[in-house]
Amino acid sequence: MTPASLNHLDLAAPPVVRKISRRSLVVGAIFAVIGVAGAFVFPDGRNQFYRAYLLGFMAWLGVALGSMAILMIRHLTGGGWGMVIRRILGAAMRTLPLLALLFVPILFAVPHIYPWAMPIEAIRDEHIREHLAKNPFVIQHYLNFRAFLIRAVICFAIWNLLSFLLSKWSKETDRRGSPDHTSRFKAVSGPGLILYGFTISFAAIDWVMSLDPSWVSTIFGLVILIGEVLSAMCFAVVVERILFNYEPMSKMLKPDFVHDHGKWMLAFTMVWAYFNFSQWLIIWAGNLPAEITFYLARLNGGWGYIGLILALFHFVVPFVILLSRPFKRDIRKLVWLAVWLMLMRYVDLFWIIEPNFSTTLSLTWADVVVPIAIGGFWLAYFFHNLDVLPLLPAYDPSANEVLERTE
């Protein structure tokens, strides 16, 4: 497509984007009020609220960070599959300032949900209490509020810096005569993916794994990472399906691109299963009491049923379905599996986080209300970001991979 013909092509997001943004904000506000009220009304409501808040925060943070990771992968590899969803990924990535703000309540939750921040006598789990009593050095120099806060600030600073640079250069490609930033994108994306891997590992250890400071897994950061990129790709599929009913996405999104998105979903699903199985296999082979506590808590008290559901419906069933080429090429079918896998991502995080607080399977009111509240605010900001820029950076040299197929 020639530059002259771009003048007649409207790449702006359809009006439905603004409508969804407003409705998401309303939903977020309503559920936030319910969540805050429930924290004061229900027995043990505050602790339930904080636990659910961590669950919801990690779920939506995963979509934002996973989107940034996929965007950097696309800058390194190229391809129309990534160009057609580039602005969707970018809009999700630019929610990181909001997520940094939403992290503040977790700071207030620290003394309520993290054993290392509690007085020794207040820790209910005897195994954790003994472990912390025997390792005062860890509490003094690593697992303390000051270090926890510093590491969180560093993580968010790196993530927001990467988002700023990638967004700044991307916005410039909407103007005629803009310079080619391909080399800049690659220069940032390579080190950026490495930084993402390190920072999300530290964040996963601090924010999730330290809920049980007596347990250690060297692959845990990768388990969280692969879940994030899987949820991000599924989210992109859901959004592109919404936009597919309107121009310009109805013209830009071709079966080949949808097929590629389905293949990414298949790859991430397989790697998720591989990482989780590897963690289990290493712990089983080691047969050390300090390591098996994670699975003992999640295979008893009804939690084992959740693990079975994850094995079947987070891996086996999606894996079999995604082997079908016609299914992966049809956005109207693929979107349903994407929605299902996003639900499984929530279930997976629920299975990782909640057994730290309950020996028997339980789903509280907060586990539903609070993640929806966070999601409402996050989606409102996401769709606002999506509405700000055209759905395609038309003057980026790689845009021709998509634009030429709309003629």
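Which residue forms a salt bridge with lysine 168?

1. Basis. This is a predicted model, where local features need pLDDT of at least 70, side-chain atom pairs count only at pLDDT 80 or more, and totals for chains, interfaces and linings use all residues. Residues are numbered from 1 along each chain as its sequence is written, and side-chain values use heavy atoms, with hydrogens and water left out.

2. Lysine 168 and glutamate 172. The partner of lysine 168 is glutamate 172, with the closest N and O atoms 3.2 Å apart. A salt bridge here is a side-chain nitrogen of Lys or Arg within 4 Å of a carboxyl oxygen of Asp or Glu. Both residues lie in helix α10, 4 residues apart, about one turn of the helix. Helices (H or I, at least four residues) are DSSP runs, numbered from the N terminus. Lysine 168 is partly exposed at 35% relative accessibility. Glutamate 172 is buried at 17%. Buried means under 20% relative accessible area, exposed over 50%, and partly exposed in between (1.4 Å probe, protein chains only).

3. Salt bridges overall. The structure holds 9 of them. Side chains of opposite charge can pair when their charged atoms come close.

4. Aspartate 206 and arginine 151. These two form a salt bridge, and their closest N and O atoms are 2.5 Å apart. Aspartate 206 sits in helix α11 and arginine 151 in helix α10 (residues 145-172), so the pair ties together parts 55 residues apart in sequence. Aspartate 206 is buried, with a relative accessible area of 2%. Arginine 151 also counts as buried, at 14%.

5. Aspartate 256 and arginine 329. This is another salt bridge, with 2.9 Å between the closest N and O atoms. The pair links distant parts of the chain, 73 residues apart: aspartate 256 is in helix α14 (residues 255-286), and arginine 329 is in the loop between α17 (325-328) and α18 (331-353). Aspartate 256 is partly exposed at 32% relative accessibility. Arginine 329 is partly exposed too, with a relative accessible area of 23%.

6. Serine 210. Where is serine 210 placed? Serine 210 is in the loop between α11 (182-207) and α12 (220-243). Serine 210 is buried, at 4% relative accessible area. Its side chain makes a polar contact (3.1 Å) with the side chain of tryptophan 116. A polar contact is a pair of N or O atoms within 3.5 Å; within protein, one must be able to donate a hydrogen and the other to accept it, and residues adjacent in sequence count only if both atoms are side-chain atoms. Leaving out residues up to four places away in sequence, serine 210 touches Tyr114, Pro115, Trp116, Leu143 and Ile205. Contact means heavy atoms within 4.5 Å.

Methods. Helix = DSSP H or I, 4+ residues; strand = E, 2+ residues; numbered from the N terminus.
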